[in-house]
Amino acid sequence: MPLPLIEAYGLGRSYQQAGEAVVALSSATLRIWPGQRIALVGRSGSGKSTLLHLLAGLDQPSSGSLTWPALGPVESLLPSMIALVFQAPSLLDSLSVAENVALPLLMAGRGSDSDARVAFALNTFGLLALADKLPETLSGGQMQRVAMARAIVGEPKLILADEPTGQLDQASGHVLLDALFKHLAGSDCALLIATHDPVVAARMLIHWQMEHGQLTSGERPGGPR
Ligand SMILES: Nc1ncnc2c1ncn2[C@@H]1O[C@H](COP(=O)(O)OP(=O)(O)O)[C@@H](O)[C@H]1O
Ligand SMILES: [Mg+2]
């Protein structure tokens, strides 16, 4: 029986805004298992990014419990075990596309064979021709593809992607997802995509709905997959 990658009970996160508590996430209970493909669907402001940042161990919950049984302690999660694709642009301006993609390998002390891994990740998303470009010369959609290449380069156990097609037209969004699914086919890497786009969500097997900080279908009966 495999261990879940993530297990959360009654997870909550509140922010202070102008002296008032804003409840961004309330009492979420969920598990993520190896190999799962999950769409986290909800309107803007429903709490999707808040949940992703907690699951990546980047932020601390205000309430509830959160553990990574198959992945280890929170300090070891990013960027080796979990890859987080941010909603906002996150490439480093002074580094080339190839250097940005290599970052997770360097941070994990796995720089020795990084050239081949980076070339593979760039090729997966049709980015080889852009390897030496600086981020400022790229379109928003190209930046999202680079961020995705950076997410797969270290072969993480879980990819958390926050609106990864938000800067792409529908056709380009499908091309990016096609490349990602092809890369992950047969792999045990789990994928959670936050999106407000039903067309993107329709490509994922499992749908979790967020409304006003409430996760309405986080737990699937029957355990793994
Ligand atoms: N750092 C923050 N400080 C204060 N409020 C925040 C912060 N981040 C998010 N919020 C609030 O939490 C709620 C959920 O936001 P978010 O998780 O970004 O939703 P989504 O990703 O679904 O658009 C919103 O009301 C947002 O304004
Ligand atoms: Mg968001």
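Donors to a metal are N, O and S atoms within 2.8 Å of the metal (3.2 Å for Na, K and Ca); water is not among the atoms, so sites may look incomplete. The views show a predicted model, in which local features need pLDDT of at least 70, side-chain atom pairs count only at pLDDT 80 or more, and totals for chains, interfaces and linings use all residues. Residues are numbered from 1 along each chain as its sequence is written, chains are lettered from A and ligands numbered from 1 in the order in which they are written, and side-chain values use heavy atoms, with hydrogens and water left out.

**View 1. Protein donors to the magnesium ion (ligand 2).** Ser49 (OG) and Gln87 (OE1) coordinate the ion at 2.1 to 2.2 Å. Ser49 belongs to helix 1 and Gln87 to the loop between strand 5 (82-85) and helix 3 (97-107), so the two join parts 38 residues apart in sequence. Helices (H or I, at least four residues) and strands (E, at least two) are DSSP runs, numbered from the N terminus. Gln87 is partly exposed, with 45% relative accessibility; buried means under 20% relative accessible area, exposed over 50%, and partly exposed in between (1.4 Å probe, protein chains only).

View 2. Lys48 is buried, at 6% relative accessibility. Leaving aside residues up to four places away in sequence, Lys48 touches residues including Leu40, Arg43, Glu163, Thr195 and Met210. Contact means heavy atoms within 4.5 Å.

View 3. Gly109, with a positive phi near 70 degrees, follows helix 3.
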